[in-house]
Amino acid sequence: PESPTLSRMLARDSPTLSLYEKLASTSDSDEESPTVSQMSRSLLFRLDLESPTGRRAAGTADSPLAALEKAKSLVTSPLALQFSPIPLPIAADDIAGPDLEDEASMPTQKRQMIGTARRPSASIRDAPITLKLEQRRRKLANAAPATVPQIFVSPLRPRMDQGIERIISAQLEQARRHFDSSFGAREADFTKVTEECGLPRFANRALFRYVTRDASGSSLSGSTIIGKRARLTDREVWPSFGHFCNVWARLRRSSADIHALLFIILTDDASQPRSYLTRADIKPLVTDVVDNHFELEFLEGQGQFAQSYTETVIERIFYNANRTWDGKMTLSQFRKADIAGMLRAIEGGIDVDVESPGIFSYKHFYVLFCSFFELDSNRDRLLDARDLLRYFSGTLSRRTISRIMMGKGKPSEHVIDRAAAADDPRAKAKADKRKAKAGSRYDQNVRLSDCRMTYCDFIWFLLSEIDKTSPTAIEYWFRCLDLDGDGVLTVYELEYFYDEQYSRMEEEMSGDVIMLDDLMCQLNDLI
């Protein structure tokens, strides 16, 4: 049997039968039911017959009237005017002419215009992109060449770019008027030149000493300052403007920022070139603050307080910046400490009307100074182990104090006279006795009776004891607890210090005492 075809289905079609009835009648008459593809084709054909406008065959073009109406809507539509920046090339008389001809009888030019209105060409579609690219190309051609600032500045190859030369010229022009006038007989008069050059005013003493240094590296008499005043003869050796121009241009070209500039001023020495700062190099900055700041005028004539204040500030600077603990501050550490920023911050005030006093705070110095002299019983500015036992009502254990006094937390600045101790027979007997007990004791290299703590050492101890969360304080106490110096804390080392505290808790506390095992479990849980 033959499957029902489309012609057979249409032959028995009637306008009163529905599609399902037609399919049912076809399935009743034929032996096989129609397939899905046959049903879909029949449905599409039926829809085409019943539609008001017949389907246009593929590949046929629109009628001329429809094409003109479509072009007219594109031209006159406000949306088309808004989103189409390039108008279509169709004249108004061609679209709305009095007579409309058939497409076959139309001129060739008009037919091409209608086709253009129906589908714009590739050149019209790409015109906005091409225009943007051309505008971008012209903008880049007319723009000035960008100058990338130099990132790394080597002292061997100074900076020679136009930006730094303009800065040098502007600064020297501002400083010229001060050299033309009479400075006077005081070092403080040079502060005007220092401020014109962009440095903090309390870097004046360091810059003045650098500028007045002669070719051999030694300081001229103008840099020898006693108190706030210089000798009257210093006016004859003050630098000339030409000499200052040469020195300042070399400084600015060899420094990348103000931190590097100040670092070079403090470290540059013709006889001993160095790449680090020592405590003596920082001292001119601090003494300039002590001698010239309006809040510290009461320190004039107070030699001991002024000297202790200077030592306190210097030690606090190294406490925060010198992470290598060797007393040598590199340029990166100097930049992180932001000493130039601190000098600018204290120009308005140190303690008065200041929300958070910094390193130069006199109040902080006074607390440190009084805490030290309360423990110094013999007033020799040195603390021994007995003096430190009285700190905070005996809170620290003896074993911890022995580690601190031996310089394990911070290397002590106190120098022990080994030669004099070796000639003493009593000291030799104690040394032999100590060697006999070497198997049961730690730290056999230093005798506790010879150890002393200076005021500078006490500053590091007190700062680490008050704030134990700072990086320097954490390292300070870690060094004290690390008995063998291997960089690792074991349970045996912690037990060595906890045993003494455990005995004190048993004597003074009536309640339960925390065992080391429980404490170690808590510490391990934290880790």
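The following questions and answers concern a predicted model.

User: How many helices and strands does the secondary structure of the protein come to?
Analyst: The model is predicted. No strands are found in its secondary structure. The count for the protein is 27 helices and zero strands.

User: What share of the residues of the protein count as buried?
Analyst: Buried means under 20% relative accessible area. The protein has 527 residues. The share of them that count as buried is 35%.

User: Is helix 14 mostly covered or mostly uncovered, and how many of its residues are buried?
Analyst: Helix 14 spans residues 258-267 and is mostly covered. Its buried residues include His259, Phe263 and Thr267.

User: Which helices are included in what covers the buried residues of helix 14?
Analyst: Among the buried residues of helix 14 are Leu261, Leu262, Ile264 and Ile265. The cover over the buried residues of this helix includes helix 12 (204-211), helix 13 (241-253), helix 15 (279-292), helix 17 (331-337) and helix 18 (339-345).

User: Which elements give two or more residues to the negative patch?
Analyst: On the surface, a patch of negative charge is formed by Glu495, Asp499, Asp517 and Asp518. The elements that supply two or more residues to this patch are helix 26 (491-508) and helix 27 (516-526).

User: Why does Asp517 count as exposed?
Analyst: Asp517 lies in helix 27. A residue is exposed when its relative accessible area is over 50%. Asp517 therefore counts as exposed, its relative accessibility being 58%.

Note on methods. Residues are numbered from 1 along each chain as its sequence is written. This is a predicted model: local features need pLDDT of at least 70, side-chain atom pairs count only at pLDDT 80 or more; totals for chains, interfaces and linings use all residues. Side-chain values use heavy atoms; hydrogens and water are left out. Patches are made of residues with over 30% relative accessible area and no salt bridge: like charges are joined within 9 Å, nonpolar side chains (Val, Leu, Ile, Met, Phe, Trp, Tyr) within 5 Å. Accessible areas come from the Shrake-Rupley method with a 1.4 Å probe; for residues, only the protein chains shown count as cover. A salt bridge is a side-chain nitrogen of Lys or Arg within 4 Å of a carboxyl oxygen of Asp or Glu. Lys and Arg count as positive and Asp and Glu as negative; His and the chain ends are not counted. The place of a charge is taken as NZ of Lys, CZ of Arg, CG of Asp or CD of Glu. Helices (H or I, at least four residues) and strands (E, at least two) are DSSP runs, numbered from the N terminus. Buried means under 20% relative accessible area, exposed over 50%, partly exposed in between (1.4 Å probe, protein chains only). Contact means heavy atoms within 4.5 Å.
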